[in-house]
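The stops below are meant to be selected in turn.

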Amino acid sequence: MRTKSQSSVNLKVVFIGCSILIFLIIFFARSNISSSKPISKTNLSQEEEQTHHHKPEACPTTTQQCTKMPLSLSDALVHYVTSNVTPQQTFDEVAVSKRVLDKKSPCNFLVFGLGHDSLMWASLNHGGRTLFIEEDKAWIAIVTKKFPNLESYHVVYDTKVKDSDKLMELGRSEECRSVSDPRNSKCDLALKDFPADFYDTKWDLIMVDAPTGYHEEAPGRMSAIYTAGLLARNREDGETDVFVHDVNRPVEDEFSATFLCKGYMREQNGRLRHFTIPSHRARAGRPFCPVDVDRRR
């Protein structure tokens, strides 16, 4: 997520435009509320309640609603306007996920990978929770020192890209087609030793753009893709939108098609695929993949 600089001008323009639009919506919404309801602690945004590094400025009076731009948006605007490094995903690829966030945010958004685009994702999900899973402990320290409000966990993967063919065969076993909490799964592809919060949260969106997967000794995204699908299927109800980046590479291509299922794929734009996976607990007997759809493809 932090290796290439693409479409820098376009991404900066769209991000600034989106941020301004969000600010205007918040401005008008709060203006309408202020005439009928005074501000109270329960009206404060989730970010204002949870931020420990910055104390929000109080409104001049109890009858005047604050219209100050949220800290996450102002940080993002300054960062992307002044930075020469831009997200790896292209404008069109980012737009795919943004359209879903526009409908679902504020929501729970899980992102495999902490990178130059992390502040953008957190800002587009303003008011929701965006959690980043990252393999590089030193990189976490660098990013969170600059942006302390980003939430991230350091994790360790025990797979390698060079073993992907063996893992694919393993993934076709009955143990890997059974839906359960990943911690209780008998499939060796499932990620079992992550923080409890990773498993206990009902994720509305999951982005798989890590771990590193561009060389044979890298951990690869085999387990991340499989576990993303398992988390989506094991939720109590509803559905989860899952995005996989770099599907031009064999691992991301084959593992997303196999374990997230072609029948659940909504679209592919460039190197990004979008899947919508329903809860399998909400309807007993649902097949791992929608068989009839996959056979026609």
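The tour goes from the whole chain to the sheet, then to a helix pair and some single residues.

**Before selecting anything**

This is a predicted model, in which local features need pLDDT of at least 70 and side-chain atom pairs count only at pLDDT 80 or more, while totals for chains, interfaces and linings use all residues. Residues are numbered from 1 along each chain as its sequence is written, and side-chain values use heavy atoms, with hydrogens and water left out.

**Whole chain**

Show everything as a cartoon: the protein has 11 helices and seven strands. These are DSSP runs numbered from the N terminus, with H or I over at least four residues for helices and E over at least two for strands. Of the 297 residues, 49% are buried. Buried means under 20% relative accessible area, exposed means over 50%, and partly exposed lies in between, with a 1.4 Å probe and protein chains only.

Switch to a surface. The protein exposes about 14,800 Å², and carbon and sulfur atoms supply 51% of that area. Accessible areas come from the Shrake-Rupley method with a 1.4 Å probe, and for residues only the protein chains shown count as cover. Among contacts with a separation of 6 or more, 70% are between residues 24 or more positions apart; a contact means heavy atoms within 4.5 Å.

The seven strands form an open sheet with mixed pairing, in the order 3-2-1-4-5-7-6. Two strands pair if DSSP finds at least two bridges between them. At the edges are strand 3 (151-154) and strand 6 (265-269), each pairing on one side only. On average, neighbouring strands of this sheet are turned by 15° against each other, direction ignored.

Now select helix 4 (residues 91-104), which packs on the sheet and touches strand 1 (108-112), strand 4, strand 5, strand 6 and strand 7. The direction of helix 4 makes about 165° with that of strand 5. Axes are lines fitted to C-alpha atoms, for helices over the stretch in contact, and angles run from 0 to 180 degrees between N-to-C directions.

**Strand 5 and its neighbours**

Select residues 239-245. Six of the seven residues of this strand, strand 5, are buried, so the strand is largely enclosed by the rest of the structure. On one side, strand 5 pairs in the parallel sense with strand 4 (residues 205-208) over four bridges. Val-242 in strand 5 is the bridge partner of Ile-206. From strand 4 the chain crosses through helix 9 (residues 222-234) to strand 5, a β-α-β crossover that is right-handed. Right-handed here means that, with the strands pointing away from the viewer, the path from the first strand over the helix to the second runs clockwise.

**A helix pair**

Which helix packs against helix 7 (residues 164-171) at an angle of about 5°? Select helix 10 (residues 250-261): the axes of the two are 11 Å apart. Helix 7 and helix 10 are therefore roughly parallel to each other; the cut-offs are under 35 degrees for roughly parallel, over 145 for roughly antiparallel and 65 to 115 for roughly perpendicular, with the rest oblique. Display side chains to see Ser-164, Leu-167, Met-168 and Gly-171 of helix 7 meet Val-251, Glu-254, Phe-255, Thr-258 and Phe-259 of helix 10.

**Backbone details**

- The Ser-105 to Pro-106 peptide bond is cis, with omega near 0°; Pro-106 is in the loop between helix 4 and strand 1.
- The Ala-210 to Pro-211 peptide bond is cis, with omega near 5°; Pro-211 is in the loop between strand 4 and helix 9.
- Asp-246, in the loop between strand 5 and helix 10, has a positive phi near 70° and is buried at 3% relative accessible area.
- Cys-261, in helix 10, has a positive phi near 80° and is buried at 0% relative accessibility.

**Last stop**

Select Glu-236, in the loop between helix 9 and strand 5. Is Glu-236 buried or exposed? At 54% relative accessibility, Glu-236 counts as exposed. Leaving aside residues up to four places away in sequence, Glu-236 touches Ser-279, Arg-281 and Ala-282. Glu-236 and His-280 are 44 residues apart in sequence, with 8.0 Å from C-alpha to C-alpha.
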